[in-house]
Amino acid sequence: MPAATGGDPASPRTGVLVVPHGVPPECPRPLRLGVLASGQGSNFEALVQCSRHGALRAEVVGLVVNTPHCKALARAERLGVAATVMDHHHYSSRKALDHALVEHFRDLQVDVLVMAGWMRIVSPVLCQAYDQRLVNIHPSLLPAFRGLNAMERALAAGVCITGCTAHLVVPEVDAGPILVQAAVPAYPDDTLATLAPRIHAQEHRILPVAVAMAGQRLFERP
Ligand code: GRF
């Protein structure tokens, strides 16, 4: 499990990790994780690596992408994770895609579903099917900079501190209960190219913690 505080002292611009809720207890059995991605898939890979190296008691049992040639798909192939393309253009509505996702991940008996760079707004269909166990990662300290281009907008606003948030998903975009956040400094000379890797590095640390928290809640439910 990632440490509760961090930052490489040799590299002062690495960022500072803040996990206020502490490290969640281990789940009684390995979690079955489903992942949704649209692009690079670095958070997807972080979840796979954490699961395989014992930092997260889980197995990533399936990836779904909505963009046919995205890098996440290539990562899945390299990592040996089953991947499926569900191109949103082939569905009549958001709900239709979400119904297909629910069916797909139900067949895989997924406990926790993770939106790891899933660039689609989800409908209540997915939120209700995975109530309290649908997790999203967002590149800002929510509730600041909800929605698209969060890092660009944080830079444009001149913030000194930004970061990332892992939260439960509700139908309102980027508004669900916060599970874990990490704070990351933004420097006056930062550009998207320098800030993004700093934020991504922290995303890769907090997302497994948030998944473990969601999983733990699952087992605590009556
Ligand atoms: C991350 O910055 C995440 O916060 C946002 O989309 C990006 C996905 O990155 N929702 P990756 O595809 O996991 O590399």
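The buried residues of α3 pack against β1 (31-37), β2 (58-65), β3 (83-85), β4 (112-115) and α4 (124-129). Buried means under 20% relative accessible area with a 1.4 Å probe, protein chains only; packing rests on contacts, meaning heavy atoms within 4.5 Å. Helices (H or I, at least four residues) and strands (E, at least two) are DSSP runs numbered from the N terminus.

This is a predicted model, where local features need pLDDT of at least 70, side-chain atom pairs count only at pLDDT 80 or more, and totals for chains, interfaces and linings use all residues. Numbering starts from 1 along each chain as its sequence is written, and side-chain values use heavy atoms, with hydrogens and water left out.

Now the helix. Those buried residues are Leu97, Asp98, Ala100, Leu101, Val102, His104 and Phe105. α3 has 14 residues (94-107), so at 1.5 Å a residue it should span 20 Å, and its end C-alpha atoms are 20 Å apart, which agrees. The expected span is 1.5 Å times one less than the number of residues. After α3 comes Gln109, with a positive phi near 55 degrees.

Next, the cavity. Which residues line the largest cavity? They are Arg94, Leu97, Asp98, Trp118, Arg120, Ile121 and Val122. On a 1 Å grid over the protein atoms alone, a cavity is a set of points where a 1.4 Å probe fits but cannot get out, and lining residues have an atom within 4 Å of a point.

Finally, the chain. There are 6 helices and 7 strands, and 50% of the 222 residues are buried.

How values were computed
On a 1 Å grid over the protein atoms alone, a cavity is a set of points where a 1.4 Å probe fits but cannot get out, and a pocket is an open set with protein on both sides within 12 Å along at least five of seven lines; lining residues have an atom within 4 Å of a point.
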